[in-house]
Amino acid sequence: MLDRNDMPDAAADDVKARPASIAFGVERIGLFAVKAPIVSCLVLLVLVIAAIFGIQRIKIDDSLSQLFRSDSKEYKQYEEVTRRFPSTEYDVLVVVEGPTLLARENLERVRDLVTDLQLVEGTRGLISLFSARQAPAPGKLPAALFPSELPEGAAYDQFIETVKQNEIIRGKLLSEDGTLALVVLSLDPEVVKDNKLAKAVGDIRKIMKDDLADSGLQSQLSGVPVMQLEIRNAVERDGLIYNVAGILAGCIIAIIFFRKISFMIVAAFPPLLAILLSLGALGWAGFSLNMFLNVMTPLIMVISFADSMQLTFAARDRLIAGEDKYTAFRNAVLVVGPACVLTHATASISFLALQFSDSDLIRAFGEAGLAATIIALIAVLSLVPVFGVLLVRNEKLFAAKFQAADAGVNALRAFCRWIAERMVGHPGLFSTIALVVVAGLGIVYASLEPRYRLADQVPDKEQAVAASGRLDAKLTGANPIDILIEFPKGQDLYSPETLKTIADVHAMVEKQAGVGNVWSVETLRRWLAEKAGSSDVATLKEYVNLIPEHLRRRFIDASSEAVLVSGRVPDSDSSKLLPVINTLDTALNAVRTAHPGYEIAVTGLSAIAARNSAGMIEKLNHGLTIEFGLVAIFIGLAFRSVVVGLACILPGIFPVVLSGTLLWLLGEGLQFASVVALTVSFGLGLSATIHFLNRLRMEDRPGVGSALAVERATVLVGPALILTTVVLACGLVVTVFSDLPSLRLFGWLSAFSMVAALIADLFILRPTAMWLINMSEKLRGGRAKAKPAE
């Protein structure tokens, strides 16, 4: 059995018995700062000031297409469409709904609303049911469908029936049952890109509230600008929550167990400063805050706090053993520092693995994570000993006090000893059970399917998602899907071949199940043919020129060399939307064949997301699988041991496959947020494994049995591992308060993975390491016996 009184002696002797550094001496960078602690603090002050200015440079990237931003042909084509037909990206969708929507008084209120909305600063144009026109009389311009003075009584009822049957607005701007109206308000691009967006949306909301007060009608906003604003607000709000929660979690737990403010500062402040310095560096490097970079704060906390706690615990044990503070913190760096370097290196590999993604956003997240990991390593290795030698006072009094009473840590050590004794008792049995469990969970994990919905990237506690849901239910969808038609040389908009191509594409899109609310030049052409009895090109050209510029640019580019046929699709999972898009694209081959020379492409954010999301998620998942092997090889090489490389595989994989099984049980599937969380958590979760293996390497000395070495290592590093897991899980789980579904998923899944990593470290790594050590000793013994026989 391992006695508590053995701990100080073990702590004091391990430096002398310390084998070659697994970090090749990199940990010694932590010794430079402690040689001149006052100067180091002055340098830190300068860096903190620079970091504060750097943080102020961080901008927010609220683009909905940011996840799919890449150099792919499809995305370049999407960018080209948004440049030539910029309307959809700047549309605010005003949704007005109620069973009495078409009551005379309420219809007047809605018309007043539409009139007032046109006066909002930054409005380029507006489309509503009041934009509809009557059938034109020969030689005259068509009059407005809605007269200035609405009829009354039976005449009003007849008028409403005419409105509901109007081909221009039915199913497009007014639902079939007449209970929902859509107003499309186009904002100036400079307003959307500038800080004026918040004011513009605020003005729209105020007008809606004032004009529809006491009408019984419900009004909501959606559209890309509104979603961008809600994302921007959520990112800013979440950043504050995560910073405060991370600081509180670290400080509270540190003070509870260390029971000294000085040790709380030594353990908790270096990670907090690492956060500040990392975010400052990202600001100076030009990174923008987005849905993934917003979790950089808790991630830096995760990376740095684990190692900070290990260093503080190691120094604390040495102080209790009677060492002076300089020697205690120096030895802590030399003994625990190599494991700290290796944990940051494995985390770096996780972030490097994200570079294989096709998404610029995810690659940028990987780059930022890599930079933050390096900064966090230097900060922790340097600042823990600096704060330690400056803040720790009366070492002898401290040692005497905690040798006599150290209840919290002693309880954790006793718990760790209890587990270690049972795990090393039957290592073969527990290793076999672990292998079977991991294999079973791996089969479940392999069955996870990619999932993606636009709504998961937008705050779901705000109006945009709810309004989009109503449009999905009443007007076939809120998300645009575009078919780009580019003309060959020698053909223009009014060429017979061009008009026939547009008509064929329009008809094909209308027939496609799952797509509705189709608009194009063909819509106007049909209306003229039916209502005015005119199908000649001159009349069509006349009416096209009468259309306001902002409306004309929705379908015809400025050079009149390309047009769009636009439809709407519901915000469904990409697995449901992709068959619709592929079927439509295949059906359009007939049009391409009939009209050679015309370039016809299905595009739009919905199409880009449906086509690319599954492939991107699968690539990330495959990268994670490859990472398992690479990290095992890397750790084995660092420890110069095949046994260590093999020992870290099962505990490293377990948190990933267990988290994947939980996703499967919840019906979540693999989303971008979940696969990135698992990739990063794998690298971060190995921290416990590396610290234990590093300690075991030092305890496995001549005269010490392997079982006793495992127990010693468990008791020495176990309390710090448990405490850091609790702190890190608390720091990550605060993301459940986010309004962004993707961030909530990232946070709770990462926290769950961290807890699963601790379970793997205690219940899988111990028996696996013990069993592999025994097998290795048997093999060496067998070879030794075989040599004399030879």
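This is a predicted model: local features need pLDDT of at least 70, side-chain atom pairs count only at pLDDT 80 or more; totals for chains, interfaces and linings use all residues.
1. Residues are numbered from 1 along each chain as its sequence is written, and side-chain values use heavy atoms, with hydrogens and water left out.

2. Now the overall picture. The protein has 29 helices and 10 strands. Of its 790 residues, 58% count as buried (buried is under 20% relative accessible area, exposed over 50%, partly exposed in between, with a 1.4 Å probe and protein chains only). Take the contacts (heavy atoms within 4.5 Å) between residues at least 6 apart in sequence: 82% of them join residues at least 24 apart.

3. Back to the sheet around S4. It is an open sheet of 4 strands in the order S3-S4-S2-S5, and the pairing is antiparallel (two strands pair if DSSP finds at least two bridges between them). Strands S3 (123–127) and S5 (218–222) are the edges, each pairing on one side only. From one strand to the next, the twist averages 20° (axes are lines fitted to C-alpha atoms, for helices over the stretch in contact, and angles run from 0 to 180 degrees between N-to-C directions). Helix H17 (residues 463–474) packs on this sheet and touches S2, S4 (180–187) and S5, its direction making about 105° with that of S5.

4. How many bridges hold each pair in this sheet? S2 and S4 have 7, S3 and S4 have 4, and S2 (residues 91–97) and S5 have 5.

5. Is S4 mostly covered or uncovered? Covered: 8 of its 8 residues are buried. Leu180, Leu182, Val184 and Ser186 point one way, Ala181, Val183, Leu185 and Leu187 point the other way, and all are buried.

6. The other sheet worth a look is also open, with 4 antiparallel strands in the order S8-S9-S7-S10. Its edge strands, S8 (516–519) and S10 (599–603), each pair on one side only. Here the twist averages 15° from one strand to the next. S7 (residues 479–486) is joined to S9 (residues 562–569) by 8 bridges, with the two strands running antiparallel. One example is Pro480, whose bridge partner in S9 is Arg568. Helix H4 (residues 73–84) lies across S7, S9 and S10, at about 95° to S10.

7. H10 is mostly covered, with 18 of its 24 residues buried. After H10 comes Gly286, which has a positive phi near 90°.

8. What does H10 pack against? Its partner is helix H13 (residues 360–391), at an angle of about 145° and with the axes 8 Å apart. H10 residues including Ile265, Phe269, Pro270 and Leu273 meet H13 residues including Ala372, Ile375, Ala379 and Phe387.

9. Most residues other than glycine have a negative phi. Asp214, though not a glycine, has a positive phi of about 60°; it sits in the loop between helix H8 (196–211) and S5. Asn517, in strand S8, has a positive phi near 55° and is not a glycine either. Which is buried and which exposed? Asp214 counts as exposed because its relative accessibility is 80%, whereas Asn517 is buried, with a relative accessible area of 11%.

10. Last, an aspartate inside a helix: Asp761 lies in H29 (residues 741–789). At 0% relative accessibility, Asp761 counts as buried. Leaving aside neighbours within four places in sequence, Asp761 is in contact with Ala688, Thr689, Phe692, Leu721 and Arg766.
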